[in-house]
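Please read them alongside the sequence and structure.

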Amino acid sequence: MRISKSQYLFILTVMLAVYYLVIGIYLNHLGYYNQESIFYIEKTKIIFEGLGNRIKVMGLTAPLLPFYSTFIFSLINTYLAPVMASAIGTAILFYIIARALTSRIENDFYLYLVLVMFFFHPGIIYAACSGKAIYLVLTFFFLFFFNLLKFYRSNTTFHVSIASICLVTLIFCDYRFIWLTLFFVPLVLAISIQSLNLGEKESIFRLFLSFNSPSLRRKLISKTFAIYVILFILPVASVICYKLLNLTHSGDLNYFIESPYATWSVLVDKLNFDITTVSSNYQLPELPILVSLRVIYFCPLILVAIYLFRESTYQALTILTPFAFIEFLHIKYDKLFLNYEYYLIFLILAILCLIFKALTVKNQFIFKVILTAVVLVQLYTGYIFLNKSLIRDEKRFITTLIGQKPNLDQGESMEMAGFINSLPKDSHVLMDDAIAYPIAAFTTNIRRLTLPYQDLFLSAIETPYRYDDYILIATATNPYTGYTQLNNKYLPAIRTVNSGVNYKRVYVTDNWILYKIITIQ
Amino acid sequence: MSISIPELLVNDGFITPGDQGKIHAFAARSGSSYAKIALNFGYISRKNYERSLINAGFVFAPVREEAFDIEVLKKIELKFANDHVALPLRIENNKVVTLMTDPSNQLFIDFVRFTYDLEPEIIVARDLDITWLSHKLLGEKYVKSSVYELLRRDPSSSASITFTTPQLVFIFALIAVTTIGLVLRFKDTSIIINVIISMFFLVAIIFKLFLALVGSRFELHQAVTKSDVRNIVDDELPQYTILLPVYKEDKLIKKLIWNLQSLDYPREQLDVKLLIEEDDDKTLQAVQNLDFPAVFEVIVVPFHMPKTKPKACNYGLHFSKGKYLTIYDAEDIPDTDQLKKVVALFAKLPERYICIQSALNYFNRNENFLTRMFTLEYSYWFDYMLPGLDTLDIPIPLGGTSNHFKMDALIELGAWDPFNVTEDADLGVRAYAKGYKVAIVNSTTYEEANNDPLNWIRQRSRWIKGYMQTYLVHMRNPATLIRKIGFKGFLGFNFFVGATSATFLVYPLLLAIFISYLVFDLSTIRTLFPDWVLFMAIFNLMVGNILMIYVNMMAVFKRRYFELILFAIANPVYWLMHSAAAYMGLYQLITNPFYWEKTNHGLSKVNNPTNVVK
């Protein structure tokens, strides 16, 4: 019995999903968690088990789509949900890419090349097995550019509309991609010029011609504006709506990107940069001008991609847009490191370019040899980028995977959570999950925690003895201590207000102290 | 006087000898009289015909008030009288008083002699007067058939009964349950209603976006290419009937002739029927006063309730001769190659495709705000939504005009429902229910967009009322409908036909809640609805609005109407007009379901050039 191409791809996808799941679950058993997945786990627990304004947690936890996709898998297992989501999501990404590839290229070599990357590229394995939302960013990034390139060919509204929808989803996977729109401003003009029915082929002359004829000029402006609108109105309107929802439900337009209660990255990214740059063995952060070079070092395949599109200025510009985007990110967020996902998008983009243009190369043999060599190099650079990463989550992923030794990064949180779990059933603990979300995530019964999403949290902060039996305080050595009210300054302050209450240390770790509230009166 | 009228016309120079031969040949082929062909196929104007006969000594008598004898009329068939533009009225002085446009029509004179065994007493009369009188006196059985045929053959498909008993029971039971719910548990019931309404609103709009995306995917697809049209051999083209139902459209008659003459189709193969109501003297007079030859045959529709367009079309169907049939409005400007494209597409499609819908759009789109909004709406409707429905194999509610039918299948379906005010949408669903299919052709008919708000609301109230009628008719037995059009078709029908009216009814309610909540910050709403309900309702309303605006924005692309794109933002205002029309339609559905809210045409001041397709 012969199996069809789509069945074959499906089988490969299932194999890939199983492969990722095995690695992801294995790493999970070794104790590897990252801040993002723990954050999702904690929010999921609040929604399923919490008491209070859960709808706000559900609506305003950001990024929205990764959280929701994790949420779906939490029905199976809360702690493995992020890993399951990323493993299956990455396998689906492979399927989408492979479908696009096989429908355009008969030659199986390219499929196997992509398969090799998905099986062995450390970056893709990181995206698939870490439980982070990189897989969604890559998927929608791919679909956005895929539809845009299809629009260049077909000039149909369908593809530009789908591209726009993909851009919306991309932004709701990582808000920073909103800045990608900035670099499409000149690009859309180039697209419009290209689509005008002119005899002249060269873009610059087409621009000259269309600006010097009143009717063409009017047409060009109308069309450029129309493409802007059709491409960007959905993302812009969605962001405005989302911000308005944030405003009505939290009183802050930017709550979803600025509040540590809404998103994990606010504190983690910042702290990661601070720790690295002030640590004793000072490491040089990425220099702006080197970012593009780093990308090329990470993914030399992108050079091949640009070469393939050399004949079409505006299409080549499209491929170059993400370079401008990450350079911009580096300038705008100068106190942050660029995450691995911003490098991985180039890998996906390069594969996309191959899908469209690989067959245009005449000497296929040489081309395939070059591609094979480049891919092998990329497997190495992918590893290097993870291993030498300045971001702790990334580095720890590869060291745990290679070392295959238990990862104790979350040991302290688990230890404290273990103690809280052992407390009497009816005791309540006041804690601030802006920074203590890992502890909340590992706590078996989240109902015994008084957390900021609950209306009574503010009252509990003022008069903890009325609501809670314990308070979790961040020690002075806790790197996040400045970002919570429940730190070492809290108890002296609360003592002056309520002198009739005493606080007794019951459990201490390096970064946390659990106090028992003892009412004297 | 024994002078032959054809010879007289040639002698007077109104008809060339070449045309004379053509007319005679065509008359012999078609069974119609010489005068009928000459006056209705563009050979001579009525004024010149009359002038020629008056010069020869004939007197045209006003005949509408002439006395008639039922027994005399019983012996003549309307179609024969119509083909010969002649009518025997009564016996007087041992002669048959006979009205004739062409007093030299020997065939009809012989018919009178043989039938009544008496000599005719000929009164020369204008052809339109004879047509008017003959349809009025002899058309009763045809007009009754036009009204009752569908009801007799397939009563379950007729909208003559608006609400069936089970439907009334359901509606009143629903109202009762809601009322009881509101009395007993006001808050919970309000929450449930709010959630259902806002979810329904969002799902209906997402469905429309989905359809538009599916439709836009094939926007470059050409069902019929230019070379397909070029390869058509004129001599092999079948006879094509065009029905033009008009009512008080006297200002548009000249434009109509110009548009019809521009059609790229052999003149003699066109069977154009201008359907004029019996009481519409204005239009009849406008046709009579034309300075140039007409290219259509006038059919006078005798008075009978309901006075609707589908009844007129059904009546016209009795006199139609074409293999294919289409309907245009008086102000329509079809692409000149539209008929040929349809013939080519019917030849390509399987036998079960019995109708082809052309796209509709507007020639006066830049006239004012309303025409721009209308153009946006029609562009997405015909360029994206209908192709989307077509691709997904969901019943297509046909547009008001430019739907081309296979004549035999149309008759088999029972033609149009005269009690339904959107008979076209109903017919589309009925065709699907019988296993037939509807296709979309890449050809456009340009119409006049309504530029007056009140006129617009009247027109739209009829459409929405018709959609409600159609929905009620086909949902009399949902299980049967699912069996006939499948579950996908059933869902499509509910979301497309049912939801269209419902969303317009619901929209102002949602908007009112939204505005009260945001602007006035009404505390009652906050206490009534928990946060999550308000969150969801506002989310649905905002996302729904944005998506609908987006769908409208997509519409400009295919037509390259880029300058209209920003007007899509004004859609929420435009929908409020829809809502006003929807409530008017709902009121009429209950109080006056068959009333045809007439749309005034010819209000546009925009010149409408013929859309020549090269």
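1. Helices (H or I, at least four residues) and strands (E, at least two) are DSSP runs, numbered from the N terminus. On that basis, residues 69-139 of chain B are 48% helix and 27% strand, with the end C-alpha atoms 15 Å apart. An unreviewed UniProt entry annotates residues 69-139 of chain B as "domain: Type II secretion system protein GspE N-terminal"; such annotations may be inferred rather than shown by experiment, feature names are shortened, and positions follow the numbering used here.

2. This is a predicted model, in which local features need pLDDT of at least 70 and side-chain atom pairs count only at pLDDT 80 or more, while totals for chains, interfaces and linings use all residues. Residues are numbered from 1 along each chain as its sequence is written, and chains are lettered from A and ligands numbered from 1 in the order in which they are written.

3. Helix α19 (residues 423-433) of chain B is largely enclosed by the rest of the structure, because 10 of its 11 residues are buried (20 or more other C-beta atoms within 10 Å of the residue's own, C-beta atoms being placed from the backbone). Among them are B:L427, B:V429 and B:Y432. Just after α19(B), B:G435 has a positive phi of about 90°.

4. Between the chains, 18 residues of chain A are in contact with 19 residues of chain B (C-beta atoms, placed from the backbone, within 7 Å). On the chain A side, α12(A) gives the largest share, 10 residues.

Note on methods: Buried ≥ 20, exposed ≤ 12 C-beta atoms within 10 Å, placed from the backbone. Contact = placed C-beta atoms within 7 Å.
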